[in-house]
Structure formats: structure tokens, C-alpha cells
Amino acid sequence: MSRTSQALIERYPGGAAEVLAVFNPSMQIQFCRDEERARFGAAPTVGLLRRTFGRNTAESWLEIQLEDLSEFAGVHNKLSAKQRTELAAIMADDYGHYRLTEFMLFFQQIKRGTFGKFYGAVDPIVILEALAAFDVQRSGAWQAFRDAERRRATAAAIDEAEALRARYMLRVAEADRCHLSLLQYRMLGFDTLPNDALRRELAALRRGEKTLPADIVGLLNVINQNND
């Protein structure tokens with residue numbers, strides 16, 4: 001059993017029955033009020049549900065959601081049991097990477113008329129066409145999310161670099177900077193030393209009682225040259 005399956009079982013000790021109860025159709029509105037969490041949160045994927053509890057569990061969950069949609073639509077001709085079974089299998093095969101909450105968001109959007117409406121019958125092909133349109137929407141949302149994450153990571157790295165430089169300037173006196181560069185301060189772990197220990201190390205470097213490892217200094221000089 002994979003680690004992700006084991007983690008899912010630990011998270012839902014009641015097994016498949018608990019997952020189906022937590023993510024039942026009556027919870028769609030509640031889960032989808034926070035669209036970002038529905039898209040990018042920690043809900044398991046249909047594929048993980050299938051790998052952990054079996055194909056029947058994953059497809060049964062989708063059938064339950066489809067039956068709820070069929071009843072909600074209010075048209076005369078509902079989805080038949082055969083249509084629900086085949087439709088659930090297609091959705092699980094083609095969109096197994098979706099989180100359960102993403103599917104719930106999809107069903108909520110159908111209910112809200114985002115992809116049009118049913119005429120006389122709940123049509124499986126119309127549902128699959130709507131799902132294809134939702135997939136385009138999803139791809140755009142995920143791309144925007146990843147771009148935002150990269151921007152946040154870049155900003156955090158810049159902030160940390162600026163904070164490191166500020167600590168170096170504060171803790172290493174100007175006269176000692178010829179003995180210990182900013183890059184050496186970072187790469188050789190001096191930033192983690194308490195103030196007293198750092199002062200002792202700097203004094204030893206200044207007096208020539210201690211030298212930095214020649215191979216590491218050489219490597220850092222190469223890095224400096226490449227950066228220049």
C-alpha cells in the first residue's frame with residue numbers, strides 16, 4: 001500500500017464509508033463556498049479513492065453525486081442507473097486526478113447554470129461536455145495558482161536573502177568582512193552561531209589562529225566569480 005493510501009486510511013479510520021459520508025452531496029454548498037480550498041485543498045482525489053478502497057468505491061461516490069444532480073435538475077427524464085454507472089466510470093477514468101471537492105464544485109456549477117441547462121432530460125453527453133468546459137476552467141485556475149505560488153516563493157527567497165545580509169552587516173564588523181564574506185558567512189554556518197561564539201570565531205580568524213577550509217573557500221570563490 002502506498003504512503004498516500006496509508007495516510008488516507010489514517011485520516012478516515014472509518015474507511016470508504018466515512019469518506020462517502022464526509023463528501024456526500026448535501027455538503028457541496030459548504031465545501032464550495034471557499035472555491036480556492038475546494039480546488040487546491042487537501043481533499044483526496046478520485047484516483048486515490050480508487051487505489052485505496054477500490055474502483056467500486058470511487059465510482060459509487062460519483063454515482064451518488066450524479067443521482068443528486070439528476071434529482072436536482074427537475075426535468076422529467078432522469079439519469080437511468082445504467083447511465084449513472086457508465087458516466088461515473090468515464091469520469092473516474094478521465095478525471096481521476098480531480099479532488100472530490102473539485103467534482104463537487106463542478107456539480108455545483110452545473111446546478112447554478114454555469115454550463116447551461118438540461119432540456120427535458122438529464123443528458124450524460126451534456127454533462128461530459130460541461131465537464132470538458134470545467135476542465136479548461138480548472139487548468140486556468142491551477143496555472144494561476146502555481147504562478148502565485150512561484151511569486152510567493154520568489155518573494156520569500158528575496159526577503160530571506162535581504163534578512164541574511166542585514167544580519168551579516170549587523171553581526172560582522174566592517175574590519176572582519178575581509179576575513180569572512182557574506183557568502184562564507186551563509187555557506188559555512190556562521191549565521192547559526194550565537195553571538196558570543198561568532199565573536200570568538202571572528203577573533204580567531206582575525207589573529208590567524210583559524211583559517212577557513214581551503215577547498216570550501218576555493219569553491220566559494222568560483223561561485224563568486226560565476227555570480228559576477
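Biologist: Is R206 buried, partly exposed or exposed?

Modeller: In this predicted model, local features need pLDDT of at least 70, side-chain atom pairs count only at pLDDT 80 or more, and totals for chains, interfaces and linings use all residues. Residues are numbered from 1 along each chain as its sequence is written, and side-chain values use heavy atoms, with hydrogens and water left out. Buried means under 20% relative accessible area, exposed over 50%, and partly exposed in between (1.4 Å probe, protein chains only). The relative accessible area of R206 is 43%, so R206 is partly exposed.

Biologist: With which residue does R206 form a salt bridge?

Modeller: A salt bridge is a side-chain nitrogen of Lys or Arg within 4 Å of a carboxyl oxygen of Asp or Glu. The closest N and O atoms are 2.5 Å apart for R206 and its partner, D176.

Biologist: Is D176 buried or exposed?

Modeller: The relative accessible area of D176 is 7%. Because buried means under 20%, D176 counts as buried.

Biologist: What is the N to O distance between K82 and E86?

Modeller: K82, at 63% relative accessibility, is exposed, whereas E86, at 46%, is partly exposed. Their side chains meet in a salt bridge, with an N to O distance of 3.6 Å.

Biologist: Which residues are linked with R55 in a network of salt bridges?

Modeller: R55 forms a salt bridge with D93, their closest N and O atoms being 3.2 Å apart. The network links R55 with R50, E59 and D93.
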